Amino acid sequence: MNEFLSALPKAELHLHIEGTLEPELMFILAERNRIHLPYASPDLLKSAYDFHNLEQFLDLYYQGTSVLQTANDFYDLAMAYFARCDVEHILHYEVFFDPQAHIRRGISMDIIMDGLTGAQQDAWHHYGASSGLIMSILRDLPVDDALETLKLAKPWQHEIIGIGLDSAEKGNPPGKFRTAFEIADEYGWHRVAHAGEEGPAEYIWEALNELKIRRIDHGVRCVEDPKLVDYLVKHQVPLTVCPLSNVRLGVFPDIAQSNFKQLLDLGLCVTVNSDDPAYFGGYLTQNMLAIQDAFELTQPQWIQLTHNSIDASFAPAERKQALK
Ligand code: ES4
Ligand code: ZN
């Protein structure tokens, strides 16, 4: 089964590029940019990853971004993940990036986009992998900050495929960003949002109704509202579920006690993803293996799950066909 899962052609739809920053690369970039890290080695840094919920994790995650200074840094960050995808037979990826986390440190949109789009082009040429960039809005910052970021992204309108909504969910309901999502719609972007990770099922409704999203990131708390489950099943709204993330952030005590199997059995359009693999203990295949350990799915179920990811992607129809 391990070999079967490794060899399956895969797509990944919920991945924060800043969350792929491995301690080793963080040290290399820190040295290159003469930035002091308060740890003596990558191993000591990793052992300081002591978080138990989303807020604690996000503090470390934003701290880690300080080493990303030049377009070359963003290129190296993305290329390390893309190379990893090649090894794992991940042939299509839709990657979140958090411009606000960089702009507030004085890094321009051009630096970020030059690096990321350069890596995308090379991934296509070297690995034959297709990809898209989803600009994610930090929901714990003011709406005006989001609107300003959208203005800065306008020159890159055609290099970006979608808008997302991430960061601290509780107390930051999706509806607050309605205008931002309307502008993204005018840019021709797809719309997704983190909802129902730590926040209630109500936030999923709000993201669907007010932000007009097409795909829900996480969404695992949908089971708390049977009417919502009915709606999601009926319309086959995809959920980008991140099993190891959910355990590391305390959404579930462990994979076996997560509701992954329940979501599948309810007939929801589930996809498996890695979220922030450098922090949560595994890339996509590792997430699939963890699910397999806990729930012993069949090969047809896994084929269905990988097809769900391909179908739920924003790749053109011909590309989806080629991926299956
Ligand atoms: C995130 Cl797991 C998660 N949730 C919300 N925002 C995020 N940003 C990066 N990882
Ligand atoms: Zn996420």
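Which residues does the UniProt annotation "binding site" cover? In the unreviewed entry, the annotation covers H14, H16, H194 and D275; UniProt positions follow the numbering used here, feature names are shortened, and annotations may be inferred rather than shown by experiment. These residues span 262 residues in sequence, yet no two of their C-alpha atoms are more than 11.8 Å apart, so they gather at one spot.

The structure is a predicted model, in which local features need pLDDT of at least 70 and side-chain atom pairs count only at pLDDT 80 or more, while totals for chains, interfaces and linings use all residues. Residues are numbered from 1 along each chain as its sequence is written, and chains are lettered from A and ligands numbered from 1 in the order in which they are written. The mean pLDDT of the chain (the predictor's confidence in each residue, from 0 to 100) is 98, and 100% of its residues reach 70 or more. For the complex, the predictor gives an ipTM of 0.96 and a pTM of 0.98.

Strand β1 (residues 10-16) contains H16; helices (H or I, at least four residues) and strands (E, at least two) are DSSP runs, numbered from the N terminus. H16 counts as buried because 24 C-beta neighbours lie inside 10 Å. The cut-offs are 20 or more other C-beta atoms within 10 Å for buried, 12 or fewer for exposed, and partly exposed in between, with C-beta atoms placed from the backbone. Beyond four places in sequence, H16 is in contact (C-beta atoms, placed from the backbone, within 7 Å) with F96, D98, D275 and D276. D275 is found in the loop between β8 (270-272) and α14 (277-280), and is buried, with 30 other C-beta atoms within 10 Å. Not counting residues up to four places away in sequence, D275 touches H14, L15, H16, G19, C242, S245 and F280.

The residues around ligand 1 (C-beta atom, placed from the backbone, within 6 Å of it) are H16, G19, L54, Y61, D166, S167, H194, E197, S245, D275 and D276.

The feature "active site" is placed by UniProt, in an unreviewed entry, at E197. E197 lies in the loop between β5 (190-195) and α10 (201-210) and is buried, with 24 other C-beta atoms within 10 Å. Leaving aside neighbours within four places in sequence, E197 is in contact with E169, H218, V220 and V251.

Notes:
Contact = placed C-beta atoms within 7 Å.
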